[in-house]
Amino acid sequence: MVSEVKQISSQAVPLLGNDIDTDRIIPARYLKAITFDDLREGVFVDDRKALNGEHPFDQIQYQGANILIVNRNFGCGSSREHAPQALAKWGIKALIGESFAEIFFGNCVAMGIPCVTAEAEVVKQLQELVMANPQAVLTIDLEKLQVEIGDFTASVVMSQGTRSAFISGTWDACGQLVANAQQVKATAAKLPYIAWGNLATS
C-alpha cells in the first residue's frame with residue numbers, strides 16, 4: 001500500500017473568514033450518522049442555506065475543487081472528527097490557511113489530508129487569484145514546502161515531523177500495519193498471552 005502524499009494539484013475553493021468552527025463545518029445534528037458516508041450533504045449546510053446559493057461550496061465554478069484555502073484558526077471549537085470527514089466527502093484533499101485548530105489539524109493528518117500554513121498576505125493573494133480564475137490549477141508541494149498557481153509561487157509551512165509522515169506515508173497507521181503484516185504476526189507469535197492460532201485463522 002502506497003500512502004505517500006508529496007504533492008497535490010487541483011483547482012481550489014476559497015473560503016473567507018476567521019475562526020470558522022467545526023459546528024459550522026458540520027452541524028452537531030449530523031453527529032448521529034452511523035458512518036461518514038453521507039456527510040457531504042451536511043458540510044457547511046447552515047452557512048449555505050443562509051447564503052442562498054452564494055456559498056463557495058454551492059458555486060458552480062468551484063465544484064470539483066480538491067484544495068480549500070482558508071484564513072485564521074480554521075476548525076476551532078469541538079474536536080469532532082466529522083468536520084474533516086465532511087470536507088473529505090465533499091472532495092477536499094488538502095488545505096492552505098493562516099492557522100488551524102490543533103485537534104482539527106490532527107484529525108486531518110490521521111486521514112491523510114495535509115494542512116499547510118502561510119502568511120496572511122500569501123493566503124489572501126491565493127484566494128484572490130482563485131476567485132479571479134477558478135479554473136486555475138494550484139499545486140501544493142510538500143517536499144519543496146511551496147505553493148504555486150500560475151506565475152505565483154510562495155512558501156508554505158508544515159512541521160518537519162508531520163511533513164516527513166506525509167512524504168514517507170507513515171501518517172497511515174492502518175497502511176503501516178498491513179504493509180508489515182508478517183512482522184506483526186511474528187511478534188504476536190512470541191507473546192505468550194495471545195492465542196495467535198485463533199487470530200491467524202479468523
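**Reading cysteines, rings and strands**

Visitor: Which cysteine sulfur is closest to the sulfur of Cys-115?

Guide: The closest one belongs to Cys-108, and because the two sulfurs are 3.7 Å apart, they are too far from each other for a bond. The general idea is that a disulfide is a covalent bond between the sulfur atoms of two cysteines. Here the criterion is a pair of cysteine sulfur atoms within 2.5 Å, and the structure holds 0 disulfides. Keep in mind that this is a predicted model, in which local features need pLDDT of at least 70 and side-chain atom pairs count only at pLDDT 80 or more, while totals for chains, interfaces and linings use all residues. Residues are numbered from 1 along each chain as its sequence is written, and side-chain values use heavy atoms, with hydrogens and water left out.

Visitor: Are Cys-108 and Cys-115 buried or exposed?

Guide: Burial is read from relative accessible area, where buried means under 20%, exposed over 50% and partly exposed in between, with a 1.4 Å probe and protein chains only. Cys-108 is buried, at a relative accessible area of 0%, and Cys-115 also counts as buried, at 2%.

Visitor: How many aromatic pairs does the structure hold?

Guide: Rings of Phe, Tyr and Trp (its six-membered ring) pair if their centres lie within 6.5 Å, and planes under 30 degrees apart count as stacked, over 60 as edge-to-face and the rest as tilted. The structure holds 5 such pairs. One of them joins Phe-44 and Phe-57 edge-to-face, with 5.0 Å centre to centre and 75° between the planes. Phe-44 sits in the loop between α1 (22-25) and α2 (45-51), and Phe-57 in the loop between α2 and β3, so this pair ties together parts that are 13 residues apart in sequence. Helices (H or I, at least four residues) and strands (E, at least two) are DSSP runs, numbered from the N terminus. Phe-44 is buried at 1% relative accessibility, and Phe-57 is buried with a relative accessible area of 1%.

Another pair, Phe-74 with Phe-100, is edge-to-face at 6.5 Å centre to centre and 90° between the planes. Phe-74 lies in the loop between β3 and α3 (82-90) and Phe-100 in the loop between β4 (94-97) and α4 (102-111), so the parts tied together are 26 residues apart in sequence. Phe-74 is buried at 0%, and Phe-100 is buried at 13%.

Visitor: Which residues do ring pairs link into a cluster?

Guide: The cluster consists of Phe-44, Phe-57 and Trp-90, and Trp-90 is also one of the buried residues of α3. That helix is mostly covered, with 7 of its 9 residues buried, and what covers them includes β2, α1, β3, β4 and α4, where contact means heavy atoms within 4.5 Å. Gly-91 follows α3, and its phi is positive, near 125°.

Visitor: In what order do the strands form the sheet?

Guide: Two strands pair if DSSP finds at least two bridges between them. Here 4 strands form an open sheet, in the order β2-β3-β4-β5, with parallel pairing. Strands β2 (12-14) and β5 (115-117) stand at the edges with a single partner strand each, so one side of each is left without a neighbour in the sheet. Neighbouring strands are turned by 20° against each other on average, direction ignored, with axes as lines fitted to C-alpha atoms, for helices over the stretch in contact, and angles running from 0 to 180 degrees between N-to-C directions. Between β2 and β3 (residues 67-69), which run parallel, there are 3 bridges, and Ala-12 stands opposite Ile-67 in β3.
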